[in-house]
Amino acid sequence: EEWSEIIPSNPYSASKAAQEALAIAYWRTYDVPLVISNTMNIIGERQDVEKFVPLSISRLLKGEPVPVHAKESNGKWIAGSRFYLHARNQADALRFIIFECTESKLRYSEGLAKPERFNVRGEVEIHNDDMVNLIAELMNLESAVPHVKYVNVEGTRPGHDLRYALTGTKLFGMGWKPPVPLRESLDRTIRWTRANPEWLL
């Protein structure tokens, strides 16, 4: 939830927490108007090929399995999960927040105890291996080879979080909802990427 305790698990997330702390300090010391939004796992056209969705598309087009970080438990792989959000939906949420946050909700001098904060997230949580299989389905790919190759997260990626799950309840309760559903967002991204194969080079 918004204003839950922040305990960074790796230097990358620690740098984000530090930036946020600095912004709050300027809000408090100099009355700089501030609203905070937190989000995760943006997808969309023109995303760098190292990111999960374009990487998956690239690997699947080559007939190669997609590496998915997971944890082994009792002989079974448990993949991480995310609330993927298309950049269009992120932009729509930010526009919604901008119009909701009047001047009185932005400044320390207005008597606020802390800045406004909103979690922006997609409408459905999906495991990363299921995401790969959904991408393969939308690409109309059939293969005798599994689409997923599980990679044991323990020891290979220190500080990696298997699950990211912001609530999004506050923003949804104010009437915002992602205008483009995940499946449609993913289909648009796949179609654009396949029409522009040079993007995967």
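**Questions on a predicted model**

Me: Leaving aside neighbours within four places in sequence, with which residues is Asn38 in contact?
Reply: The model is predicted. Once neighbours within four places in sequence are set aside, the residues in contact with Asn38 are Glu20, Arg117, Phe118, Asn119, Val120 and Leu166.

Me: In which strand does Asn38 lie, and is Asn38 buried or exposed?
Reply: Asn38 belongs to strand E1, residues 35-38. Its relative accessibility is 19%. Buried means under 20%, so Asn38 counts as buried.

Me: Which side chain makes a polar contact with the side chain of Asn38 at 2.6 Å?
Reply: The side chain of Asn38 makes a polar contact with the side chain of Glu20 at 3.2 Å. The polar contact at 2.6 Å joins the side chain of Asn38 to that of Arg117.

Me: How many helices and strands does the protein have, and what share of its residues count as buried?
Reply: The C-alpha atoms fill a box of roughly 65 × 35 × 30 Å along the principal axes. The protein has six helices and nine strands. Of its 201 residues, the share that count as buried is 35%.

Me: Among contacts between residues at least 6 apart in sequence, what percentage join residues at least 24 apart?
Reply: The count takes in contacts in the protein between residues at least 6 apart in sequence. Of these, the part joining residues at least 24 apart is 82%.

Me: In E4, which residue is the bridge partner of Glu72?
Reply: Strand E3, residues 66-73, pairs with E4 in the antiparallel sense over four bridges. Ala70 stands opposite Ala79 in E4. The bridge partner of Glu72 in E4 is Trp77.

Me: Which residue in the hairpin of E3 and E4 takes a positive phi?
Reply: The hairpin has two residues between its strands. The positive phi, near 55°, is that of Asn74.

Me: Why do the buried residues of H6 line one face of the helix?
Reply: Helix H6 (residues 182-195) has 14 residues and reaches 20 Å from first to last C-alpha, close to the 20 Å expected. Its buried residues include Leu182, Leu186, Ile190 and Trp192. Seen down the axis of H6, the buried residues line one face because they fall within an arc of 165°.

Me: Which helices are included in what covers the buried residues of H6?
Reply: The cover includes strands E2 (42-43), E6 (85-86) and E8 (126-127). The helices included are H2 (52-61), H3 (87-100) and H4 (128-138).

Me: Where is Pro178 placed, and is it buried or exposed?
Reply: Pro178 is in the loop between helix H5 (169-173) and H6. Leaving aside neighbours within four places in sequence, Pro178 is in contact with Asn89, Arg121, Glu123 and Phe172. With a relative accessible area of 14%, Pro178 is buried.

Me: What is the C-alpha to C-alpha separation of Pro178 and Leu85 in space?
Reply: In sequence, Pro178 and Leu85 are 93 residues apart. In space, C-alpha to C-alpha, Pro178 and Leu85 are apart by 8.3 Å.

Key: Residues are numbered from 1 along each chain as its sequence is written. This is a predicted model: local features need pLDDT of at least 70, side-chain atom pairs count only at pLDDT 80 or more; totals for chains, interfaces and linings use all residues. Side-chain values use heavy atoms; hydrogens and water are left out. Two strands pair if DSSP finds at least two bridges between them. The expected span of a helix is 1.5 Å times one less than its number of residues. Buried means under 20% relative accessible area, exposed over 50%, partly exposed in between (1.4 Å probe, protein chains only). The arc is that of the directions from the helix axis to the C-beta atoms. Contact means heavy atoms within 4.5 Å. A polar contact is a pair of N or O atoms within 3.5 Å; within protein, one must be able to donate a hydrogen and the other to accept it, and residues adjacent in sequence count only if both atoms are side-chain atoms.
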